[in-house]
Amino acid sequence: MDFKNDQGPFSPPNRNVIRVFSAVIEGISRERNTTLVTIAYHDRIGGRGAANSVRLVVNQDTDIYDERGRNIRADELRRGMTVDASFSSAMTRSIPPQAQAFFIRVVRRASQNITTTGRILDVNTRDGFILVLQNQNPSSVLRFNMTSDTVILDLFGRRIRLSSLHPGFRVRVVHASFMTASIPPQTTAFTVQIIR
């Protein structure tokens, strides 16, 4: 994934614009005439920089295109899609920060979800992720990032909070098929369920 802060072909004139490439949509929510699209991206070429996320404010002023360059509506965007985007460098101080989106182009459609089963090694409620060991090999550890859309379920299928998960719990995680090149690899969790 790539990050660039400059004026480009899809940037409004005379504005400070951030452009990102190969970002992944982690979550989508809708409020009245506005869609909020949370994307994850790296701030250096090759995915070696810090992982960042931003919530894009998508409205009637945002140009949205599919892979073939055709205009699409915001409600056609889906979690797991890979997109290029340009957005305002003026952001809120929230976590994640929020910024006006100027342009979004779908690079790749969301691929199928993958299911991984393993034991929780660590639960980080502050930064919103869990580390899961798939087998006894330490190199099999995966980091699953939680979003506001992630559903966490107990053994009986009832919704619970991230803070209810603990190291040692065996879980089944339905997640995006993409993985970062970081150590451990990271991806977005869609559903986490405690299993026996």
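The mean pLDDT of the chain is 84, and 86% of its residues reach 70 or more. Confidence is highest in strand 9 (residues 129–133), with a mean of 96, and lowest in strand 1 (residues 2–5), with a mean of 42.

Where pLDDT is low, the predicted coordinates should not be read in detail.

The largest nonpolar core has 23 residues. Ile39, Leu56, Leu77, Phe87 and Ile104 are the ones with the most contacts inside this core. Two or more residues each come from strand 2 (17–31), strand 3 (34–42), strand 4 (51–58), strand 6 (82–88) and strand 7 (98–108). Strand 2 is the biggest giver, with five residues.

Setting aside neighbours within four places in sequence, Leu56 is in contact with Thr35, Leu36, Val37, Ile39, Ala85, Phe87, Ala99, Ala101 and Ile104. There is also a second, separate core of 15 residues, and Leu142, Leu162, Val192 and Ile194 are among them.

## Strand 8 and its partners

Strand 8 (residues 114–124) pairs with strand 12 (residues 170–175) in the antiparallel sense, over six bridges. In this pairing, Arg119 stands opposite Arg170 of strand 12.

Strand 8 also runs antiparallel to strand 9, joined by five bridges. Here Asp122 sits opposite Leu131 of strand 9. Strand 8 and strand 9 form a hairpin with four residues between the strands, and in this hairpin Gly128 takes a positive phi near 70°.

## Salt bridges

A search of the whole structure turns up five salt bridges. Arg73 takes part in two that are worth a look: one with Asp75 at 3.1 Å, N to O, and one with Glu76, where the closest N and O atoms are 3.6 Å apart. Through these shared partners, Arg73, Asp75 and Glu76 are joined into one network.

How open to the outside are these three? Arg73 is exposed, with a relative accessible area of 53%. Asp75 counts as partly exposed because its relative accessibility is 36%, and Glu76 is also partly exposed, at 27%.

Elsewhere, the side chains of Arg158 and Asp154 meet in a salt bridge at 2.9 Å, N to O. Is Asp154 buried or exposed? Asp154 has 12% relative accessibility, so this residue counts as buried.

## A loop residue: Asn59

Asn59 lies in the loop between strand 4 and strand 5 (63–65). At 18% relative accessibility, Asn59 counts as buried, because the cut-off is under 20%.

What does Asn59 touch, leaving aside neighbours within four places in sequence? Asn33, Thr34 and Gln100 are its contacts. With Gln100 there is a polar contact between the two side chains, at 3.3 Å. The Asn59 side chain also reaches the backbone nitrogen of Asp61, at 3.0 Å. As for Ala101, this residue is 42 residues from Asn59 in sequence, and the two are 8.0 Å apart in space, C-alpha to C-alpha.

Key
Residues numbered from 1 in each chain as written. Predicted model: local features only at pLDDT ≥ 70, side-chain atom pairs only at ≥ 80, totals over all residues. Heavy atoms only, no water. Core = buried A, V, L, I, M, F, W, Y, C linked by side-chain atoms within 4.5 Å. Buried < 20%, exposed > 50% of the residue type's maximum accessible area, 1.4 Å probe, protein only. Contact = heavy atoms within 4.5 Å. Salt bridge = Lys/Arg side-chain N within 4 Å of Asp/Glu carboxyl O. pLDDT = per-residue confidence, 0-100. Pairing = 2+ DSSP bridges. Polar contact = N/O pair within 3.5 Å; in protein donor to acceptor, adjacent residues only side chain to side chain.
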